[in-house]
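Subject: A structure for you to look at

Hi there,

Here is the structure I promised to pass on. Please open it next to this email and follow along.

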Amino acid sequence: MEIVQQLSQVQLLNQFWLLMAFVIPMVILSRMVVAGSRFSPILVIVIFGLGLGFAMVEMGIATPGLPEFPLVDFMSRTTIIALVVSFFVGGQELRKILSKQELDMKDIVVPSKEEMFLGTGRTQFIFILRSFFLLVGLEGFFRMMIQPGAAEGIMFYYPILALIGLAASFLLIDHKAQIDDKKVYMRKGVIETVLMLVILFVSYGIAMAVQPIIALPQIFFAMLLSSALGAIFHNWTYGPTVRALLFAGIPVVLAANFMVGGSRIGDAFAIEGMNSILVYGFFGQLFWMFGGIALLMWFARTGHIRNLAPGMAGSLSHSGLTGACTAGDFGQVAAKRAPIMINIPFFGHIFVFSILAVSADNGALWIWPTAIIVLVGLTLTALSLKNLRGANGEDFKEVKALMQFSFGWQMMAVFGGLVILSFSTIAFDYTTMAQSSAISHFGLFAAVQGGMFGTEASLLIPLIFSMPFLVHPIVFYMFGKALDNNGEMPRVPVYAMALIGVVGVSFAILGV
């Protein structure tokens with residue numbers, strides 16, 4: 001334990017460089033491993049993050065939760081910042097779709113074609129670095145302002161983290177990228193950063209104000225605000241802040257989360273009922289993901305990735321597919337549609353979080369409202385499949401039907417899953433973790449991480465959320481096969497995966 005005691009005394013600057021040494025190489029190496037393939041880098045980040053966190057504990061370098069490396073946990077809790085950008089872009093695209101405007105805008109930046117590392121261009125590398133510093137700076141500034149009197153442990157260093165993060169992020173502009181007007185581009189970056197801080201503070205203030213009435217999490221109000229701003233400023237061409245976080249925000253956040261999750265692997269299995277939670281999370285990935293794809297392929301008669309990728313990313317608020325789509329791994333059409341689909345289900349989250357907030361207070365699922373939501377979700381899903389089948393490849397009709405599917409299947413997945421779990425012996429607080437991981441649902445993850453279901457769930461969610469990512473080789477392999485097949489998903493393997501998911505979920509519920 002001597003090495004642990006020594007590490008806990010390391011000064012903040014050394015902790016900062018250690019965090020950078022953990023996260024940045026992990027993201028770049030993950031891109032390097034999948035370069036030239038159809039797999040998403042997020043898949044490799046899962047393996048690297050879990051493995052590194054677990055190894056650090058096993059080697060005696062750290063203890064579960066990585067308290068010796070406080071900045072890793074600090075970075076893992078910046079999920080809401082990464083999501084705000086996706087919501088903003090989704091608001092823009094939604095406004096254009098509903099007003100039947102063209103999706104394309106004249107871009108003011110042409111990225112450098114120079115490759116810094118295998119699979120990562122020069123401009124992309126700058127985006128990764130900028131995302132890292134932005135997440136540190138924004139989170140540091142936010143915590144500094146909401147905890148002005150805090151001067152204990154890492155809290156004492158929030159002002160320094162804010163200064164280092166924000167100052168460095170402003171400087172990170174790729175001078176080799178072709179930019180129409182660099183002054184305007186940099187000014188946009190400053191405006192975007194300020195707006196993100198405004199969204200964080202206002203959403204936090206609203207969440208605190210309504211907490212005595214209903215404990216809705218900050219992520220819900222951040223979604224509403226950022227989506228509304230995106231709809232209002234629908235012609236805003238992105239500056240360096242939005243570009244960087246859209247490209248690398250989610251991978252950077254997940255890298256830190258998976259490290260924390262990996263460090264808790266050893267302890268988690270000692271918790272009673274954990275096996276059922278992990279089994280449900282693992283097979284739930286197959287059930288909800290490939291079950292949804294099977295519905296689209298069988299009833300809507302569409303197996304193209306332009307529909308499947310954004311449709312499933314949105315309907316499950318699926319962090320893996322969300323990151324892959326927004327990064328452009330599944331093509332430009334999917335990249336443009338994904339933010340819309342991600343946003344649509346969040347408008348239903350007023351029901352999700354309100355019902356879950358009441359359920360959390362009661363310690364059990366609120367059954368009758370849940371049953372109504374499941375029925376609404378079933379109806380919308382059926383309607384979406386009918387409309388998508390009749391879209392005949394028309395962009396507006398396909399997007400409209402996918403919006404309906406995203407909303408309907410999300411209600412089915414979230415509340416249907418919680419109803420299924422209510423028949424198990426798993427405690428309610430743990431069922432929310434299990435359902436969050438079973439659909440890789442970023443909103444539920446952020447709510448649990450924020451303490452909506454208690455401290456224990458908040459500490460365990462990085463591990464519970466990360467374990468089903470081990471299913472993602474199958475998910476991304478299937479999407480990769482679709483890309484190799486002119487965008488068409490193979491049918492028989494999808495139906496087989498859905499059936500395996502049904503069997504696995506059944507075993508988890510029965511506690512076998």
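Predicted model: local features only at pLDDT ≥ 70, side-chain atom pairs only at ≥ 80, totals over all residues.

Residues are numbered from 1 along each chain as its sequence is written, and side-chain values use heavy atoms, with hydrogens and water left out.

**Helix pairs**

Helices here are DSSP runs (H or I, at least four residues), numbered from the N terminus. Axes are lines fitted to C-alpha atoms over the stretch in contact, and angles run from 0 to 180 degrees between N-to-C directions.

Start with α13 (residues 305-315) and α22 (residues 472-484), whose axes lie 11 Å apart at an angle of about 155 degrees. That angle makes α13 roughly antiparallel to α22 (the term covers angles over 145 degrees). Which residues of α13 and α22 make the contact? They are Ile305, Leu308 and Ala309 of α13, with Phe479, Ala482 and Leu483 of α22 (contact means heavy atoms within 4.5 Å). By class, this contact of α13 with α22 has 6 nonpolar, no polar and no charged residues. Here Ala, Val, Leu, Ile, Met, Phe, Trp, Tyr, Cys and Pro count as nonpolar, Asp, Glu, Lys and Arg as charged, and the others, Gly among them, as polar.

Next come α17 (residues 367-389) and α18 (residues 395-421), packed at about 150 degrees with axes 7 Å apart. These two, α17 and α18, are therefore roughly antiparallel to each other. Their contact has 16 nonpolar, 8 polar and 1 charged residues.

Helix α12 (residues 274-298) packs on helix α23 (residues 491-510) at about 145 degrees, with axes 7 Å apart. In the contact of α12 with α23 there are 19 nonpolar, 5 polar and 1 charged residues.

**Empty spaces**

Rolling a probe the size of a water molecule over the atoms shows where empty space is left. On a 1 Å grid over the protein atoms alone, a cavity is a set of points where a 1.4 Å probe fits but cannot get out, and a pocket is an open set with protein on both sides within 12 Å along at least five of seven lines; lining residues have an atom within 4 Å of a point. Grid points are joined across faces, edges and corners, and a volume is the space filled by probe spheres set on the points.

The second largest pocket has a volume of about 970 Å³. Its lining counts 36 residues, with Arg77, Gln218, Gln449, Gly450 and Gly451 nearest the centre. That lining divides into 22 nonpolar, 9 polar and 5 charged residues.

How many cavities of 30 Å³ or more are there? The count comes to 4. The second largest cavity holds about 70 Å³ of space, and α6 gives the most to its lining, with 4 residues.

Enjoy exploring!

Terms used. Parallel < 35°, antiparallel > 145°, perpendicular 65-115°, else oblique.
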